[in-house]
Amino acid sequence: MIKFTDIHKSFGKLQVLKGVSFDIQKGQCMAILGPNGSGKSTLIKSILGLVIPDKGEIFIDENNIIGQSDYRNEIGYLPQITKLPENISVIELLKMIQDIRKTTGNIDELVTYFGIANYLNKTLKTLSGGTRQKVNVILSLMFNASLYIFDEPTVGLDPISCVKFKQRVLQEKQNGKTVILTTHILSEVEELADQIVFIMDGQIYYHGSPDQLKNNYQENTLEKAIAKMLETYK
Amino acid sequence: MVKNILFFISIFIFSITAQYASTIFVSPNGKNNSIAKAIQMAQSRDKIVIKPGKYFENAIVIDKPLDIEGELYPILDGNNKEGVFIVKSDSVTIKGLQIQNIGMSQIDDRAGIKFFSVKNCLVENNKLINTCFGIYFARSSDCVIRNNFVQGFATRETETGNAIHLFKCTNFLIENNTVSGHRDGIYFEFVENTKVCGNTSFKQIRYGMHFMFSHENEYSKNKFFNNGAGVAVMYSHHIYMHENEFTDNWSPVSNGLLLKDIKDSKIENNFIDRNTIGLFAEGCLRLEVKHNRFSKNGWALKVLGDCYDNNFTDNNFISNTFEVVTNATVSNNIFEHNYWTEYSGYDLNNDGIGDVPHSPVKLYTYLIERVPESIVLLRSLFIDLLNLAEKVAPVITPESLEDHKPAMKAIK
Amino acid sequence: MSLFVRGIKGEEINKTILNYSFNIKCMLKIFKYSFYDLLRSRWLLMYFLFFLATTFALLYLSSDISKGIVSLMNIIIAIIPVISIIFGVMYYYNSREFIDLLLSQPIKRKSVFLGQFLGLSLSLALSFVLGMIIPFAVYGIFTSSEIWNFSSLLFIGVILTLIFVSLAYLISILNDDKIKGFGIAILVWILFSVIYDGALLLFFVSFSDYPLQKFAIVLTVLNPVDLARVMVLLKLDVSALMGYTGAVFNQFFGTTWGMFISSFSLLLWIFIPLFSFLRIIKKKDF
């Protein structure tokens with residue numbers, strides 16, 4: 001279980017998170033939604049330890065993770081559009097991260113699953129954006145982590161890979177893995193997420209299941225429900 | 001020249017007459033154990049042979065022509081008192097002695113061997129160690145100083161005299177001597193028509209060689225190194241200096257060769273390497289400076305504004321930190337066909353001469369003259385930019401100080 | 001009881017030692033990969049070829065090793081700081097996103113950044129050293145009497161690389177805005193290489209009536225570019241610096257004590273920016 005309690009963060013005068021608290025149950029997929037600049041990324045980065053909250057605590061399985069680094073062994077992270085080192089090959093990059101994490105991942109299986117076996121020995125600067133994103137996806141999935149964090153995962157992926165990725169995520173969830181997801185593609189949320197946290201101006205505006213949100217606003221798609229929610233907010 | 005021939009003829013005659021003279025032996029344990037007494041006993045033209053051993057005698061006066069010769073370098077020890085020989089007669093020869101330990105005096109100039117008003121004397125193959133002045137001549141002519149070894153251990157100017165000291169002398173030959181550790185290595189005052197060649201002078205407190213008011217002299221193939229302030233030639237004219245080496249004269253006030261008020265002289269084929277200032281000229285007129293090699297000096301040439309009509313041609317200036325420095329705003333000297341490693345021009349018509357003139361004076365050298373501390377900026381980017389700006393639009397450096405025919409390759 | 005306490009303490013110590021060695025291992029891994037990455041980069045190849053070509057050209061043109069060394073010193077003093085600082089800033093901003101990925105791995109921030117810092121500075125230093133050594137080896141430096149002057153040149157070049165890469169890192173961590181970071185980097189380089197010297201000269205000229213030599217020494221020691229230059233010069237241009245103007249400098253820089261202070265000051269120029277950088281990343285949000 002992951003527990004956020006009263007997370008505050010400001011960058012200079014700008015208050016980005018103003019007391020955010022919620023839990024994520026084990027084996028669930030939590031979608032963190034919100035308009036641009038609402039504080040989604042900051043929230044994700046604080047679980048990863050990239051951003052240090054001014055106040056508040058984050059627990060993963062009862063351990064306060066702020067200032068720690070070993071807990072990241074249990075996290076598979078897919079960042080939003082990553083520029084990778086240009087002059088090393090795909091396989092070298094995968095091996096490097098494997099080397100850093102000191103665990104062997106299931107590289108072979110994922111490479112065949114996403115069909116990039118032919119690119120393994122190419123340097124990263126020669127790859128197309130889509131292939132590079134596949135490499136990123138593999139990097140996040142290869143360690144059999146118990147928590148996955150996906151930041152706009154399907155941006156740049158072709159439709160087939162998109163489907164494959166979502167299938168894979170559902171499968172991982174069934175294996176009891178926890179997933180945190182941010183995305184602008186709401187169909188993805190409907191397909192994958194069990195719970196939604198909607199953040200506005202640094203605070204939680206909605207926390208519950210996607211279905212409940214649709215019910216609340218009596219809409220049949222998440223998109224319309226959210227649009228309605230934003231209208232009432234104004 | 002005529003004087004020289006006369007000199008050699010006289011030596012020849014002297015050696016013939018010596019054969020008819022008798023020989024007196026001196027030895028520490030023999031009948032004659034005193035050199036002074038042996039000299040008193042001797043007739044003119046006699047030969048005195050000093051056997052090996054140690055003799056403690058001072059102020060031995062030689063007042064008649066004698067031939068004094070040491071066997072296996074007998075030691076004549078002055079016991080830190082007065083000098084050993086005082087020669088007052090012509091045609092005296094002193095050979096093969098080791099003279100040592102003369103005490104310093106503030107009243108008179110003590111020397112290992114001292115000559116007054118003599119002619120046709122020869123000092124050869126002697127060793128003089130710690131003798132204040134080494135070989136000292138005053139008011140003499142037609143003498144030879146050859147193959148002597150004069151060593152001192154002084155650390156201050158006041159502790160010692162000069163290794164070879166000539167005052168008011170003419171027509172001397174000074175060759176192949178090795179002198180070190182004195183105030184000046186070779187000192188001339190009012191000396192004329194003299195040749196100095198093949199000598200080595202090093203580690204002198206002041207100058208390796210020092211000329212004052214001494215005209216018509218020639219010195220060549222000498223080596224001067226590690227001296228306090230290099231070699232100084234002052235107030236003289238018609239000097240011919242060639243094939244000498246002036247090296248490693250490093251000290252805050254050190255020059256390889258210092259010329260002060262020198263006129264009508266030639267400086268050719270000398271090797272001037274690793275001195276603070278290679279050649280320093282003040283008040284010089286009509287010098288011919290040709291075919292010399294100036295390398296790795298701090299300043300290759302320092303030519304002050306009171307120098308006129310001097311010619312610097314066919315010299316090699318190689319890897320000097322600064323090539324020429326002057327305090328003048330116009331140059332009255334001619335620089336032509338020298339090779340400068342700092343030259344950055346080109347030679348389109350391939351005649352071995354650069355197509356654009358070389359100006360060896362940099363703005364920065366002026367700055368250093370004015371603000372010595374700016375030496376810390378040597379070879380910095382800022383100074384390079386400054387020099388470049390000055391090169392493009394000269395404001396301070398004399399435009400006329402230029403080599404219009406810089407050589408593209410080192411001159412052989 | 002005491003045994004028990006000691007047991008716990010021992011365990012803790014073991015743990016910290018383990019932790020520490022783990023950190024170094026991680027850092028070396030990051031170093032290894034960024035080093036590999038950089039060695040294959042086009043820019044570094046160009047940097048290497050630049051030194052190779054310039055050194056060969058200078059040695060060929062001057063046909064005298066000691067003269068070649070003097071000219072090379074000018075180039076090193078001018079080029080290494082600017083390339084190191086620009087390339088450092090560029091590398092940091094370029095690998096900014098990859099750094100995020102690395103930071104989300106189970107390793108300490110310090111390991112990531114120190115590893116990258118070492119990777120960058122050592123690959124730059126290696127390009128420089130190889131670019132110089134190859135031509136000099138061809139021209140026979142190893143049998144030449146100039147070997148010590150040459151080594152001091154290499155040493156100074158490597159130190160300048162480290163100093164300006166660590167300054168580059170400090171500048172980029174303080175400025176998330178790329179353009180601003182680049183601007184400041186160039187400004188810092190110009191400051192150390194040109195403006196500082198200009199100001200120094202102006203200062204000397206305006207106060208030339210006062211004894212300034214000690215000041216001059218202090219001011220030289222404070223600027224790493226000047227200090228590096230003077231340290232090489234003392235070996236190369238001894239004659240000029242031994243002049244009456246330079247005697248004081250020689251008395252300072254020529255002694256063991258002076259050399260110690262100079263080397264210490266150069267090391268400070270590496271470590272102060274680096275430690276400030278490491279302090280900042282502890283608290284920094286990415």
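1. In chain C, C:Pro224, C:Leu227, C:Ala228 and C:Met231 of helix 9 meet C:Ser262, C:Ser265, C:Leu266 and C:Trp269 of helix 12. Two residues are in contact here if their C-beta atoms, placed from the backbone, lie within 7 Å. Helices (H or I, at least four residues) and strands (E, at least two) are DSSP runs, numbered from the N terminus. By class, this contact holds six nonpolar, two polar and no charged residues. Ala, Val, Leu, Ile, Met, Phe, Trp, Tyr, Cys and Pro count as nonpolar, Asp, Glu, Lys and Arg as charged, and the others, Gly among them, as polar.

2. The model is predicted: local features need pLDDT of at least 70 and side-chain atom pairs count only at pLDDT 80 or more, while totals for chains, interfaces and linings use all residues. Residues are numbered from 1 along each chain as its sequence is written, and chains are lettered from A and ligands numbered from 1 in the order in which they are written.

3. On the geometry of that helix pair: the axes of helix 9 (residues 224-236) and helix 12 (residues 256-283) of chain C come within 10 Å and cross at roughly 145 degrees. Axes are lines fitted to C-alpha atoms, for helices over the stretch in contact, and angles run from 0 to 180 degrees between N-to-C directions.

4. Two pairs of chains are in contact, and chains B and C share the most contacts. Between chain A and chain B there is no contact; their closest C-alpha atoms lie 35 Å apart.

5. At the interface of chains B and C, 29 residues of chain B are in contact with 35 residues of chain C. On the chain B side, helix 3 (363-370) and helix 4 (381-392) are the elements that give two or more residues. The residues on that side divide into 14 nonpolar, 10 polar and five charged.

6. Between chains A and C, 23 residues of chain A are in contact with 22 residues of chain C. Helix 1 (40-48), strand 6 (75-78) and helix 2 (90-101) of chain A each supply at least two residues to the chain A side. Helix 2 of chain A gives the most, with five residues. That side has 13 nonpolar, four polar and six charged residues.

7. Chain B contains four helices and 39 strands. The C-alpha trace of chain B spans about 85 × 45 × 30 Å along its principal axes. Of the contacts in chain B with a separation of 6 or more, 47% are between residues 24 or more positions apart.
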